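Here's a quick tour of a ligand site and a sheet. Have a look at the model first, then read on.

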Amino acid sequence: MSDPSPTRPTLGITALGMYVPERVVPNSDFEARMDTNADWIESRTGIRERRFAAPEQYTSDVGVLAVRDLLRRDPQALQGVDAVICATVSPDALMPSTAALIAMQVGLTGAAAFDLSTACSGFVYALSVAQGLILAGSARRVLVVGAEALSKIVDQNDRNTAILFGDGAGAAVVGPVPAGYGFQDFIMGADGNGGSSLYLRCVAPTLPGGFQMGDSVGMNGREVFKFAVRALGDSGTQVLAKSGLTTADVDWVIPHQANVRIIEAAMDRFGLPMSKTIVNLDRYGNTSSATVPLVLREGVDAGQITDGQQLLLIAFGGGLSWVAGTMKWWGGAPSLTADSKAQQQAEVNA
Ligand code: UT7
């Protein structure tokens, strides 16, 4: 870890939960309403199916269910949480914040609450912001939620975007972890020049310079693809150097799940095999700010991510934005043990 301070507490993830909606949407569902086919989607993206929220289910709802999952695994997990950050690009409203709506429903009324808007980079950005709040003495523990109901903001007849995105949420508590574990370094960045590559209109009809935006997500897929490969490779390499690490030290690369070909290209740049990363976009598609916590939660549940392992988190998104983080996984908390899901299932069956 760079610039370690003897008084600086080590911070990391102390609890983790996830939720994906029940409705499974396979690639074949798109064939009827647009000029595409299931094989094209799978071969060009790696996506086989995604989840869509119910008509009355919005981002705060999926976010709350991810927090409830975290609480089922560790009922004490929210003790000491006095700030809530919701990373989302599909908030219920511009105001109130989705974070305030989630806080209200999980017993955290009164905690600081705000949304963070860096699209798919949002969850990892928010981990860094949470660390900063705690180190500044502004919070003791922070609940970070990455939640999206992207199916509501994507034109379901636009083959450029509709096939890519899904709904879901992940929730993590950031707090003190034992020395030698937790967050090491983060690298964050953004470049508004790439704003017209991935956009959604809100108040202004155009971006600075006059680029016209529409009322659903717009995207220049090829531009985003090229940017993503460069951003993931560069920021991942930079953050490893900042932490005094090399790719040989990395047990798992945890990437934003947008397109398996982007992940393959990034792993290639790191000189690492695909066996060093975890991919679940085949089942969930791109859930924007939820992808990284979904991969972390499933990786722990599958017994892949274990105590003391070196993780490299990398993500990119609208802005355009990018983020990378190094973290030693702490598996000591009740919600972070690999068998918690099995225990939960056993309780349900009992
Ligand atoms: O979190 C960030 C969010 N966004 C992304 O990460 C997007 C990054 N970009 C990508 O994942 C890829 O660029 C896409 C999956 C969006 C597109 O894949 P591609 O291999 O870059 O395709 P392309 O845009 O180069 O298009 C190749 C062909 C074109 O036809 P022509 O011009 O060669 O005749 C497209 O019109 O594929 C066509 N095409 C489709 N065909 C069937 C584009 N979308 C589709 C589709 N089904 N859904």
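## The ligand shell

Each of domain 1 (11-176) and domain 2 (182-331) puts at least three residues into the shell around the ligand; the domain bounds come from an automatic or database assignment. The model is predicted: local features need pLDDT of at least 70, side-chain atom pairs count only at pLDDT 80 or more, and totals for chains, interfaces and linings use all residues. Numbering runs from 1 along each chain as its sequence is written.

The ligand has 19 residues around it, the closest being Thr36, Arg159, Gly221, Ala258 and Asn259. Here a residue is near if its C-beta atom, placed from the backbone, lies within 6 Å. Elements giving two or more residues are α2 (38-45) and α6 (221-242), and α6 gives the most, with 5. Helices are DSSP runs of H or I with at least four residues, strands are E runs of at least two, and both are numbered from the N terminus.

## The sheet

Five strands make an open, mixed sheet, ordered β1-β7-β6-β4-β5; strands pair if DSSP finds at least two bridges between them. β1 (11-19) and β5 (112-116) are the edges, each with a single partner strand, so one side of each has no neighbour in the sheet.

β6 (residues 141-149) and β7 (residues 167-176) run antiparallel, joined by 8 bridges. Glutamate 148 sits opposite glycine 168 in β7.

## Helices on top

Helix α3 (residues 59-73) packs on the sheet and touches β1, β4 (81-87), β6 and β7. Helix α9 (residues 291-301) also packs on the sheet, touching β1, β6 and β7. Contact means C-beta atoms, placed from the backbone, within 7 Å.

Methods
Two residues are in contact if their C-beta atoms, placed from the backbone, lie within 7 Å. Axes are lines fitted to C-alpha atoms, for helices over the stretch in contact, and angles run from 0 to 180 degrees between N-to-C directions.
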